[in-house]
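Student: I'm new to this structure. Could you walk me through how to read a few of its features?

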Amino acid sequence: MRPNRPNGFGARGPKNSPPAQDATPGLAARLAAAHAIADVLSSAHPLEERAGAGDGEGRYAGLEARERALARSIATVSFRRLGTIRKALGRFLEKGLPRRAGALEWILIAAAAQLLFLDVPDHAAVDLAVRAARLDPGAAPFASLVNAVLRNLARAREEVLSAADPLDDDTPHWLAQRWRANYGEATARQIARAHRDEPTLDLSVKSDAEGWARRLGGVVLPTGSVRLESHVAIAELDGYAAGEWWVQDAAAALPARLLGAGAGLRVVDFCAAPGGKSAELALAGASVTAVDRSAERLKRLAANFERLRLEADIVVSNALSFEGAPFDAALIDAPCLATGTIRRHPDVAWIKRQGDLPALVELQSRLLDKAVALTKPGGTIVYCACSLEPEEGEGQIAALMRRNPDARRIPIVREEIGGLSECLNAAGELRTLPCHLQGPTPRLSGLDGFFAARLQRRP
Ligand SMILES: C[S@@+](CC[C@H](N)C(=O)[O-])C[C@H]1O[C@@H](n2cnc3c(N)ncnc32)[C@H](O)[C@@H]1O
């Protein structure tokens, strides 16, 4: 199916529907999901930002908890399996997607996601999609087409599902090509396969990981994070309000510890918000300067620190223009394509572009040079990025070694990362992949894709 341009309600529609004229149970959740899909694909802004992370903002605002959970499931699985969904719809849209059809594409995607991947009765998915189409002036003339396409799709479900390929169908072509070239066919397939399963939550706990795993129903990973068995509303969990833990993927919990921060160490975190890694540094006793250019994101860092009862000096600044007395250590969690987070944020695969890479690579290398310059001779620097793209990881450090004689690599050893030797490369750099750390079930398996290297400013 040819992707539609943003001519549906995604671009201009009312901010928070459900429409008053049809109060059919379940319709509001379907409309919210279709709105969210439209918003993300037409704006290239992340789903969490457009739909709201569950705090009453964005497209899911005004929905009751159950409806919000359903809207969230529909939108998330729509992105996780967007390639399969579009290909399947394309089979039954014999003349392609009609032009000037308003929100038709988004309504079809949301309905197909339910038919193919969610435990929703077929008649509910189809009927509510037809109702949604009738409410949209552009899509209304195609309401019977919606009905026919979705009924055909429901009949072909088993065949569609068995033919779907994680790498060829559910990964954008340019990313599949990159992963094949950079990791080889077998690993590229394992990465794409790992993206199919929604991971549960990982927590970084202040102390007593075993105790929190028991209390919250989880397991302690070899790296020390607690992995919960199921995906739950975090604010209701024991220990959240008391600030005993924070949510952070197990791979994201590794880079900060590589600094060896302890009491009295002055550390600058150059891209700090919303603060997961700064929190680890502060918890270790370091005196943390948390820098980020986004005041909005730093507000979240401040709130997280308040809940966790941790302290940091919070500075809104472009790190490239930040000045201060040299630090003992520096952390750069670089802005990047974020392709390592597709498991948790499947929309990332569809909103990032290969063309975004050169500007990010340039910014990352300037951030690295700045960090070396602002670290005392003999001090430690950790560079990391939640990206699977080597230009933002291995290539970035190789280039630094060539251009900056002040920096040298200090290899990471397996004991520092819970013995996960599969996550270390020959240069002693951390490279985690979504297919690493296999657990007893797919939901309990995997890591975000992260790169990290430890450097020293030469004494
Ligand atoms: C990957 S996120 C950081 C996540 C954070 N370290 C954590 O663990 O929660 C990257 C951050 O870099 C910030 N950023 C991007 N360019 C920047 C710059 N030139 N100076 C400072 N911060 C920047 C973004 O606002 C964003 O918050």
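This is a predicted model: local features need pLDDT of at least 70, side-chain atom pairs count only at pLDDT 80 or more; totals for chains, interfaces and linings use all residues.

Student: Which elements do the buried residues of α8 pack against?

Tutor: They pack against α5 (82-92), α6 (104-117), α7 (122-135) and α9 (157-163). Helices (H or I, at least four residues) and strands (E, at least two) are DSSP runs, numbered from the N terminus. Buried means under 20% relative accessible area, exposed over 50%, and partly exposed in between (1.4 Å probe, protein chains only).

Student: And which residues of α8 are buried?

Tutor: An α-helix has 3.6 residues a turn, so residues three or four places apart point the same way. Here the buried ones are Ala143, Val146, Val149, Leu150, Leu153 and Ala154. They sit on the same side of α8 because their arc around the axis is only 135°, taken from the directions from the helix axis to the C-beta atoms. On the other side, Ser144 and Arg155 are exposed.

Student: What about loops: where does Ala338 lie?

Tutor: Ala338 is in the loop between β8 and α16. Its phi is near 65°, positive though the residue isn't glycine. Ala338 is also buried, at 12% relative accessible area.

Student: Which peptide bond is cis?

Tutor: The one from Ala273 to Pro274, with omega near 5°. Pro274 falls in the loop between β5 (266-269) and α14 (276-283).

Conventions. Residues are numbered from 1 along each chain as its sequence is written. Side-chain values use heavy atoms; hydrogens and water are left out. Contact means heavy atoms within 4.5 Å.
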